[in-house]
Amino acid sequence: MKPAGHAAVSLALGGGTYLVTGSPGSVGVALLTGVLVDLDHLPDFYRWFILDQSNRIWLLLHSYELLIPAILLSYATDWNPLALAGTLGFLVHLLCDQWANGVRPLTYFFTYRALKGFRTSEMAPWTAESVYSDLLHLPFMPRLLPPTIAWIRKLSRR
Ligand SMILES: [Zn+2]
């Protein structure tokens with residue numbers, strides 16, 4: 001799912017959490033966890049687009065296993081609205097990606113990816129070309145992405 005979709009779903013989720021708990025901070029926390037999970041793409045993008053190594057993908061934060069400490073934290077804080085909103089934002093991010101990204105059923109389990117050697121071919125029909133093309137459909141990316149990749153490649157050669 002694209003960032004705008006994650007933001008919309010997370011805002012709705014945070015709003016629902018606010019209505020139930022009365023904690024306005026839950027909107028911001030759900031939005032943060034629901035969108036920032038995708039920061040884990042950056043190391044993969046570096047390897048894919050700068051080092052030309054797209055045969056592996058890590059997606060370290062896209063891991064259902066991380067729900068365990070998140071749920072334990074929520075429980076330990078007596079279901080603090082902020083902890084609950086963060087946990088729900090994270091869960092819904094994974095579920096939306098599971099639904100929208102065309103991945104294999106177990107792709108968003110870290111254990112599965114590790115057992116498969118993080119081979120991209122075991123996760124989804126993604127290629128560096130298809131992911132690059134998808135990125136170019138995001139706002140501002142046609143003007144930002146090509147020069148940024150060229151600049152980082154130039155820096156990496158030094
Ligand atoms: Zn994601």
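Phe-118 lies in the loop that runs between helix α6 (110-115) and helix α7 (128-135), where helices are DSSP runs of H or I with at least four residues, numbered from the N terminus. Phe-118 has a positive phi of about 60° although it is not a glycine. Most residues other than glycine have a negative phi. This is a predicted model, in which local features need pLDDT of at least 70 and side-chain atom pairs count only at pLDDT 80 or more, while totals for chains, interfaces and linings use all residues. Residues are numbered from 1 along each chain as its sequence is written.

Just after α1, Gly-22 takes a positive phi of about 80°.

A residue is called buried if 20 or more other C-beta atoms lie within 10 Å of its own, exposed if 12 or fewer, and partly exposed in between, with C-beta atoms placed from the backbone.

| Residue | C-beta neighbours inside 10 Å | Class |
|---|---|---|
| Trp-79 | 11 neighbours | exposed |
| Phe-118 | 17 neighbours | partly exposed |

Helix α1 (residues 3-21) packs with helix α5 (residues 81-100) at an angle of about 145°, and their axes are 10 Å apart; axes here are lines fitted to C-alpha atoms over the stretch in contact, and angles run from 0 to 180 degrees between N-to-C directions. On the side of α1, the contact (C-beta atoms, placed from the backbone, within 7 Å) is made by Gly-5, His-6, Val-9, Ser-10, Leu-13, Gly-14, Thr-17 and Thr-21, and the residues from α5 include Pro-81, Leu-88 and Cys-96.

As for its length, the 19 residues of α1 should span 27 Å at 1.5 Å a residue, and its end C-alpha atoms are 26 Å apart, which agrees; the expected span is 1.5 Å times one less than the number of residues. Within α1, the residues His-6, Val-9, Ser-10, Leu-13, Gly-14 and Thr-17 are buried. Because they cover an arc of only 135° around the axis, they lie on the same side of α1, the arc being that of the directions from the helix axis to the C-beta atoms. An α-helix has 3.6 residues a turn, so residues three or four places apart point the same way. The buried residues of α1 pack against α2 (25-36) and α5, whereas Ala-4 and Leu-19, on the other side of α1, are exposed.

Conventions:
Helix = DSSP H or I, 4+ residues; strand = E, 2+ residues; numbered from the N terminus. Contact = placed C-beta atoms within 7 Å.
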